[in-house]
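Dear colleague,

I am handing over the structure we spoke about, and I would be glad if you looked through it alongside the notes that follow.

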Amino acid sequence: MRYEKAYILLAGLSTPLVLSVHSIVSFDFATSILPGWHTTIFPPYFVAGAVFGGFAMVLFLLIPCRELFPNMKDLLTLRHLENMSKILLVTGMLVGFAYSMEFFIAWYSGNDFEYSVFAFNRALPTWMHEDGAPYWWAYWTMISCNVLSPQLFWVKSLRRNPVVIWIVALLVTIGMWFERFVIIVTSLHRAFMPGEWHMFYPTWVDILTFVGSCGIFMTLFLLFLRFLPIFPIAEIKAILPEADPHGHGDHGHGHGHNQAHGPGSGGVGHGESTIDSTTEEEGH
Amino acid sequence: MGILGLPSRPDHGFRTPEGGVVHGVMAEFPNSAAVYHAAEQVRDAGFQKWDVFAPFPIHGIDEAMGMKRTKLPLIVAGGAITGITVALLMQWWMTAVDYPLVVQGKDYSAWEPWVPVTFELGVLFSAFSALIGMLALNGLPRWNHPLLKSERFLRVSDDKFVIVIEAGDAKFQGSDTVTMLQGMGATAVELVEE
C-alpha cells in the first residue's frame, strides 16, 4: 500500500516535470533576441514537440522489439500501437498549429525582423523568389514529416499496421531532427547583420558527435533490453483476474478459475456460476 | 540478538518444540480468494501484528486487512513545503541580501524569476521524501527477516499466498491460533523461528 502510494505520488510529481523541463529548455531560446528564437509560443510548442517526438521514438524502437521478442505481442498489443498512433496524430497537428502560429505572429506582431525571417528565411524556396530561404528544403522536410505523414493515421487500417506505424515513426523522428535544425541553423545563419550571413557546413566533429550520440543511445537501449525487465512481471500479475478476488465491478469476468475451489474459498456472488468454468468462458 | 546495538524484540514466551523463540505462525493458502477471505477473518478476530504476503498486489486486500491509510502523502506534503521554502529563502537571500543587483529595473526581491527554481526544488524534495519515506515506513532497508529462513515462504514470490501472525500480537495464543488458521482453509501451517 505504501509502495503503491509512493508509486502514484512519484508519477504525479514527474508529470508536471515534463512541462517544466521543456518550457525551461525553450526559454534558452526565447529569452534571446535572435529573430526566430525570440518567440512566446516556444514553451507549449516544445512540450507538444517533445510528446510527439517521444512517442515516435518509442514506437520506432518498440515495433522491432515486438517482432523479435517471443510473446511480446501478447503484452504490447495492436491496440496499444493504435492508441499511440492516435497520440501521434493529435500531437502532430498540435505541432503543425504551432508552426502556423509562428507565421501568424510574425505578421501580427508588426516586428520587421521577425516578419522577414518567417516571410523569406523559412519556407520560401529559392527557386520561387530570389530572396528565398536557402534552407527551404529543411523546412519542408520538417513539415512533410511532422505534419503530413501522421495524417495517414486517420485511416484505421493504416494505424493498425505495424509496418506503416514504424515508417511514420521513422519519418517523425527525422522530422523532429529537422525541427531543431530549422530552429537553430536557419535562425543563426541569417541574423541581424547581412554581412555575417553564411551557410552552415558541419565539421567532422559535428558529424561524429551525432553518430556517437546515436551509438551510445543504442548501446544503452540494448543493455536495457538485456539486463532490465522490459515488462515488470510483478506489475503485469497485478492486472490478472486472480489479483481481484472479490470482483469489484465487472462481475463474472475471468473469475471462473480462481473461484472454483469449494466453499472455503468461494467467491462473493460467484458460487453457482463457477462450478462449470468452461460454460462461463463461452459466455464471454 | 540486537542488530547494530538496537535492542532485540521483547520475549513473549512462545517456544518451538526445539526450544527456539517463535516469530509467528505462517499459514499458506492456494489462491488469492482464499487468502483474501482468511484475511477478513483475521482482521475481524482483532489481530494487529500480522501481514499478508502474495506474489502480486491483491486488489482490496488493504480493506480486507483493515489497514489504516498510510501517512506517506503527509510526509510528501512536508517535503514539498520544505523544498518550496528552502528555494524561496535561498533565492531571496542571494538576490536581495547577499548580492543585490538591479536586473531590468525590477525590485531586488521580485519573486517572478524565482518560480522555476522553486517548482523544481519542491518537486525534488517531494520525490526524495516519497521514496525515502516509503522505505522508512516499510522498515527498509534491513539485513534480514525471520521469514526468509522458511523454505515455504520463498514460494510467496511464485504462486503461494501466506498469512503470518506474529507471536508478539496480544491476541496470539499458540496452538489455538494455528487451529484458527487451519479452519480458514490454510493448506499448510508452520511455526517460524525468530
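Is His12(B) buried, partly exposed or exposed? Please bear in mind that the model is predicted. With a relative accessibility of 27%, His12(B) counts as partly exposed. The residue sits in the segment that precedes strand E1 (22–29) of chain B, and, leaving aside its neighbours within four places in sequence, His12(B) is in contact with Val21(B), Val22(B), Ala167(B) and Gly168(B).

In chain A, the axes of helix H2 (residues 42–68) and helix H4 (residues 78–108) come within 9 Å and cross at roughly 150°, which makes H2(A) roughly antiparallel to H4(A). The crossing of H2(A) past H4(A) is left-handed, and the residues of this contact divide into 19 nonpolar, three polar and two charged.

As for aromatic rings, the whole structure holds 29 pairs over all chains. In one of them, the ring centres of Tyr45(A) and Tyr99(A) lie 5.7 Å apart with the planes at 80°, so the pair is edge-to-face; because Tyr45(A) belongs to H2 of chain A and Tyr99(A) to H4 of chain A, the pair ties together parts that are 54 residues apart in sequence. Both Tyr45(A) and Tyr99(A) are buried. Phe103(A) and Tyr139(A) also form an edge-to-face pair, at 5.9 Å centre to centre and 75° between the planes, in which Phe103(A) counts as partly exposed at 28% relative accessibility, whereas Tyr139(A) is buried at 5% relative accessible area.

Conventions:
Residues are numbered from 1 along each chain as its sequence is written. Chains are lettered from A and ligands numbered from 1 in the order in which they are written. This is a predicted model: local features need pLDDT of at least 70, side-chain atom pairs count only at pLDDT 80 or more; totals for chains, interfaces and linings use all residues. Side-chain values use heavy atoms; hydrogens and water are left out. Axes are lines fitted to C-alpha atoms, for helices over the stretch in contact, and angles run from 0 to 180 degrees between N-to-C directions. Helices (H or I, at least four residues) and strands (E, at least two) are DSSP runs, numbered from the N terminus. Angles under 35 degrees count as roughly parallel, over 145 as roughly antiparallel, 65 to 115 as roughly perpendicular and the rest as oblique. A crossing is left-handed if the near helix is turned anticlockwise from the far one by less than a right angle, and right-handed if clockwise. Ala, Val, Leu, Ile, Met, Phe, Trp, Tyr, Cys and Pro count as nonpolar, Asp, Glu, Lys and Arg as charged, and the others, Gly among them, as polar. Buried means under 20% relative accessible area, exposed over 50%, partly exposed in between (1.4 Å probe, protein chains only). Contact means heavy atoms within 4.5 Å. Rings of Phe, Tyr and Trp (its six-membered ring) pair if their centres lie within 6.5 Å; planes under 30 degrees apart count as stacked, over 60 as edge-to-face and the rest as tilted.
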